[in-house]
Amino acid sequence: MGIISGEVGYKLLRRLVKVCPSNDVTTAYDGVSKMEVFFGPQIWRDLADKTVIDFGCEAGIEAIDMAQHGVRRVIGLDIREEPLEMARVAAKKAGVDNSCLFTTQTNEKVDVVISLDAFEHFADPAAMLKVMRGLLKDNGYVLACFGPTWYHPLGGHGFSIFPWSHLVFSESVLLRWYREDTGRPAYHFEEVTGGLNKLTLRRFKKIVAQSDFKFESIEPVPIRKLKFLANSLTREFTTAVVKCKLVPKSTNHQQL
């Protein structure tokens, strides 16, 4: 993917970078709950008597939010110890450290796994689904919300210096810029800080179909300004985030 490549492409990109700021695809949630924004206010009723894993919890913002809203027990799971320690400090300051555990691993089976803003970053989404299944009780479920997907105008995250620029320039050109700008030896999108796996809506559906899960629900939420263009043909390019509920295939899952 990428129609502009080579030395000419690189020089053009360097010129454009001077006038087009890179994009970190951040959304302001100051004063609001991301859990409520994604799943609605009824989420607290749904999770009230549950044990929940916040999969990829980072500094624990959503885990603490859940604990403050009465979720019985929250396990914040992340591979990095530094943000976990920040989460522990924040949970204690918020007075919910007794109902929160922040750790790099757990064998505890839980009722719900929550995954926010993560699937487009996993190096191997299929492997992560397998891990999630191993952490769930047989009647448990996964709630996931992620995006932007790869064909979103800003699907290249920091590489999207203008809409769809990550599709206009070749991977080799964009990664050359990344190496020179950061000093990090990345040659593929999967190797950049945070990782980008070029996940599309279609590919995500295929990965789930081949996993131990099935969709109980899936909602591609359209970009507000492009909502009038959103349909089955344009969905890959007009979807802001993907929300879904996954349940295990191998059991007679009952509504919780």
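A disulfide is a pair of cysteine sulfur atoms within 2.5 Å. This model is predicted. By that cut-off, the structure holds zero disulfides.

Start with Cys57. Cys57 takes part in no disulfide. Its nearest cysteine sulfur belongs to Cys100 and lies 9.5 Å away. Is Cys57 buried or exposed? Its relative accessibility is 4%, so Cys57 counts as buried.

Now turn to Cys244. For the sulfur of Cys244, the closest cysteine sulfur sits in Cys145. The separation is 8.3 Å, which is too far for a bond. Cys244 has a relative accessibility of 3%, and therefore counts as buried.

Next, the helix pair. Helix α1 spans residues 6-19, and helix α8 spans residues 171-182. The two pack with their axes 9 Å apart. The angle between them is about 55°. Because of that angle, α1 is oblique to α8. Oblique here excludes the roughly perpendicular range, which begins at 65 degrees. The crossing of α1 and α8 is right-handed.

Which residues of α1 and α8 meet? On the α1 side they are Gly6, Glu7, Gly9, Tyr10, Leu13, Arg14 and Val17. On the α8 side they are Val173, Leu174, Arg176, Trp177 and Glu180. By class, the contact of α1 with α8 has six nonpolar, four charged and two polar residues. Gly counts as polar in this scheme. Gly6 and Gly9 are among the α1 residues that meet α8.

Definitions and conventions: Residues numbered from 1 in each chain as written. Predicted model: local features only at pLDDT ≥ 70, side-chain atom pairs only at ≥ 80, totals over all residues. Heavy atoms only, no water. Buried < 20%, exposed > 50% of the residue type's maximum accessible area, 1.4 Å probe, protein only. Axes fitted to C-alpha atoms, helices over the stretch in contact; angles between N-to-C directions. Helix = DSSP H or I, 4+ residues; strand = E, 2+ residues; numbered from the N terminus. Parallel < 35°, antiparallel > 145°, perpendicular 65-115°, else oblique. Left-handed = near helix turned anticlockwise from the far one by under 90°. Contact = heavy atoms within 4.5 Å.
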